[in-house]
Amino acid sequence: APGPRSYTTLRDEAVKLFNSLQQLESERDPVPLMQGVLQTCLDLPPLVDEIYCQLVKQTTEPAAPGGQGDLHYWQLLTCMSCTFLPSLPVLRFLRFHLDRTESRFPASEMAKYACFIREALRKTKGRECVPSLEEILVLMRRQEMICTVHCPGAPACSVAISSHTTAEEVAQELVSRLGLSQSPNLFALYEQSRRREQPVASATLLADVLTRFE
């Protein structure tokens with residue numbers, strides 16, 4: 001369908017994504033390529049299961065377990081798990097793959113990614129935007145992002161957030177930090193740009209807001 005990006009048939013796009021995954025293995029800077037794959041999956045939801053299956057295949061019996069190419073696949077799988085939920089049959093197979101990896105390679109980087117992915121899948125509900133370049137970088141390291149919130153009458157506050165942190169959770173944390181828990185007022189986050197200022201809905205993921213800023 002017409003949109004901001006030009007796509008062909010699902011079959012052709014699946015082949016393009018497969019070629020992108022092949023390129024990912026040797027890419028020095030995999031972040032833009034990862035974001036492109038995620039964007040295609042967001043625009044074309046039927047391809048989400050396809051990419052999950054391809055990534056499971058690429059991380060099964062790799063030629064060099066734990067090598068750079070193998071870890072790039074695990075890093076993309078990590079980003080996928082924080083952005084999309086696969087269908088139930090694929091989710092079951094993915095969990096089996098994660099368990100198998102942790103069993104075969106305990107204490108390895110692959111096992112650490114597998115554990116992180118399993119936890120992410122329990123929280124992921126779907127995203128409005130794909131992860132920002134910054135978010136992809138921190139996900140590759142299995143870390144949290146630092147979000148800066150500017151508070152009226154107080155210095156800016158830095159808050160650690162994950163891909164699943166909502167605006168309401170951050171607002172509640174700031175209210176507690178600023179000693180306003182007993183205040184009768186209501187508090188909310190606002191996003192501000194050159195053109196507009198608007199409240200951020202309580203259930204909005206802060207990671208999506210940061211992607212829009214990017």
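Author: A cavity here is a set of points, on a 1 Å grid over the protein atoms alone, where a 1.4 Å probe fits but cannot get out, and its lining residues have an atom within 4 Å of a point. This model is predicted, with local features needing pLDDT of at least 70, side-chain atom pairs counting only at pLDDT 80 or more, and totals for chains, interfaces and linings using all residues. Residues are numbered from 1 along each chain as its sequence is written, and side-chain values use heavy atoms, leaving out hydrogens and water.

Reader: What about the second largest cavity, what lines that?

Author: That one, with about 30 Å³ of space, is lined by Thr 59, Pro 62, Asp 70, Trp 74, Thr 101, Phe 105 and Met 110, of which four are nonpolar, two polar and one charged.

Reader: Switching topic, where does UniProt put the FERM domain?

Author: The unreviewed UniProt entry lists "domain: FERM" at residues 145–214, though such annotations may be inferred rather than shown by experiment.

Reader: How far apart are the end C-alpha atoms of residues 145–214?

Author: They lie 14 Å apart, in a span that is 27% helix and 23% strand, counted as DSSP runs (helices H or I, at least four residues; strands E, at least two).

Notes: 1 Å grid on protein atoms, 1.4 Å probe; cavity = no way out; pocket = protein on both sides within 12 Å on 5 of 7 lines; lining within 4 Å. Points joined across faces, edges and corners; volume = space filled by probe spheres on them. Nonpolar A, V, L, I, M, F, W, Y, C, P; charged D, E, K, R; others polar.
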